[in-house]
Amino acid sequence: MPTNEFFEKSIFLSNWFSILLVTCVAVLLRCLLAKVDVAKYLWGHHHEEIACDLANNSKEGHCEEYISALPEVEHVPYIGATITLPGGSRQFYEMANNRRSVRAFKPHPIPAFEVIENCILAAGCAPSGAHTEPWTFCVISNKDLKHRIRCIVEREEEINYGQRMSKQWRSDLRPLKTNHIKSYLTDAPYLILVFKQVYGFTKSGKRKQHYYNEISVSIAVGILLCALQAAGLSSLVTTPLNCGAALCRLLNRPINEKLLVLMPIGYPSDNCLIPNFKRKELKDIVFVK
């Protein structure tokens with residue numbers, strides 16, 4: 001067969017450009033899917049720190065001697081709990097079960113600031129990954145600042161309820177009778193905004209990884225709720241959607257801090273109403289083997 005005729009009849013040679021293009025696209029998609037799989041793994045496990053460590057390891061090499069961000073302290077004996085409630089675990093359960101999420105506060109009386117400080121001190125005793133203590137508690141009592149916070153939240157919440165939230169989400173919120181109006185942000189004597197520190201800094205100024213920062217701060221918030229309840233104060237845990245960046249700027253928070261929750265603190269208003277929900281029974285939440 002003549003050479004010219006061979007080239008003309010060859011399917012591969014006559015369509016070489018299309019074949020090359022398809023091959024390149026296939027290779028590109030394979031690379032992108034590999035990256036997506038890694039991202040899904042990291043996101044699914046909430047391990048932002050793993051991605052950071054991988055990047056740091058690739059930059060720093062394997063010969064560097066790593067120094068702990070924690071001080072090398074003496075380990076001392078510990079005999080267990082010495083300060084307990086008179087009624088033990090049953091009293092603690094009854095106190096926790098008495099807690100309710102409150103959305104209607106009265107501006108007075110104003111709790112003593114020392115009480116708020118003690119509750120935050122208790123929250124700061126929470127365990128944290130590698131003892132990094134990655135939390136910041138911003139306490140707001142200034143009326144003007146509370147008003148500005150409310151304006152930011154209500155502006156975004158109006159969009160959330162009108163556009164961002166799905167119909168199912170809005171339906172699930174209907175029994176709570178919530179909407180974009182958040183009067184508790186200005187009525188409550190205090191607002192506590194809890195920020196998670198995604199990373200920190202050593203004394204030398206070197207960036208310090210905060211392992212499991214969101215889980216650690218969430219545990220601290222749980223302790224804060226119990227401490228407030230023990231002090232006779234009511235609260236509400238809110239997570240304002242799409243408000244974090246604006247609130248960080250308003251409060252001049254550093255770049256390593258991200259808003260986790262916003263909590264109004266005070267006493268319920270005289271006309272406060274709560275939904276009469278029942279909590280799950282023990283058999284529905286525990287597995288014993």
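**View 1. Helix 6 and its two faces.** Exposed residues E114 and L121 sit on the face of helix 6 that is turned away from its buried side. The model is predicted. Helix 6 spans residues 113-123, and its buried residues are I116, C119, I120 and A123. These lie on the same side of helix 6, because they cover an arc of only 100 degrees around the axis. An α-helix has 3.6 residues a turn, so residues three or four places apart point the same way. Strand 2 (135-140), strand 3, helix 10 and strand 7 (257-268) are the elements against which the buried residues of helix 6 pack.

**View 2. Salt bridge between K196 and E214.** The side chains of K196 and E214 form a salt bridge, with an N to O distance of 2.7 Å. K196 belongs to strand 3 (residues 190-197) and E214 to helix 10, so the pair ties together parts that are 18 residues apart in sequence. K196 counts as buried because its relative accessibility is 11%, under the 20% limit. E214, in contrast, has a relative accessible area of 36% and is partly exposed. Strand 3 and helix 10 are also among the elements that the buried residues of helix 6 pack against.

**View 3. Salt bridge between E157 and K182.** What is the N to O distance between the side chains of E157 and K182? The distance is 3.5 Å, and the two side chains meet in a salt bridge. The pair links distant parts of the chain, 25 residues apart. E157 is in helix 7 (residues 143-164), whereas K182 is in the loop between helix 8 (167-173) and helix 9 (184-187). Both E157 and K182 are buried.

View 4. E257 is buried, at 5% relative accessibility, while R253 is partly exposed, at 24%. Side chains of opposite charge can pair when their charged atoms come close. The count of salt bridges in the model comes to eight.

View 5. Y211, Y212, I215 and I219 make a nonpolar surface patch of about 360 Å². I215 is part of helix 10, which runs over residues 213-230. With a relative accessible area of 52%, I215 is exposed, because the limit for that class is 50%. An unreviewed UniProt entry places the feature "transmembrane region" at residues 12-33 and 211-231. In the model, residues 211-231 are 86% helix and 0% strand, and the C-alpha atoms at the ends of the span lie 31 Å apart.

View 6. S234 is located in strand 6 (residues 234-235). Is S234 buried or exposed? At 13% relative accessibility, S234 counts as buried. Leaving aside residues up to four places away in sequence, S234 touches V102, F105, P264, I265, G266 and P268.

**View 7. The whole chain, for orientation.** The protein chain has 12 helices and seven strands. Of its 289 residues, 30% are buried. Among contacts with a separation of 6 or more, 79% are between residues 24 or more positions apart. The accessible surface comes to about 20300 Å², and carbon and sulfur atoms account for 60% of that area.

Terms used. Residues are numbered from 1 along each chain as its sequence is written. This is a predicted model: local features need pLDDT of at least 70, side-chain atom pairs count only at pLDDT 80 or more; totals for chains, interfaces and linings use all residues. Side-chain values use heavy atoms; hydrogens and water are left out. Patches are made of residues with over 30% relative accessible area and no salt bridge: like charges are joined within 9 Å, nonpolar side chains (Val, Leu, Ile, Met, Phe, Trp, Tyr) within 5 Å. Accessible areas come from the Shrake-Rupley method with a 1.4 Å probe; for residues, only the protein chains shown count as cover. A salt bridge is a side-chain nitrogen of Lys or Arg within 4 Å of a carboxyl oxygen of Asp or Glu. Helices (H or I, at least four residues) and strands (E, at least two) are DSSP runs, numbered from the N terminus. Buried means under 20% relative accessible area, exposed over 50%, partly exposed in between (1.4 Å probe, protein chains only). UniProt positions are given in the numbering used here, feature names are shortened, and annotations may be inferred rather than shown by experiment. Contact means heavy atoms within 4.5 Å. The arc is that of the directions from the helix axis to the C-beta atoms.
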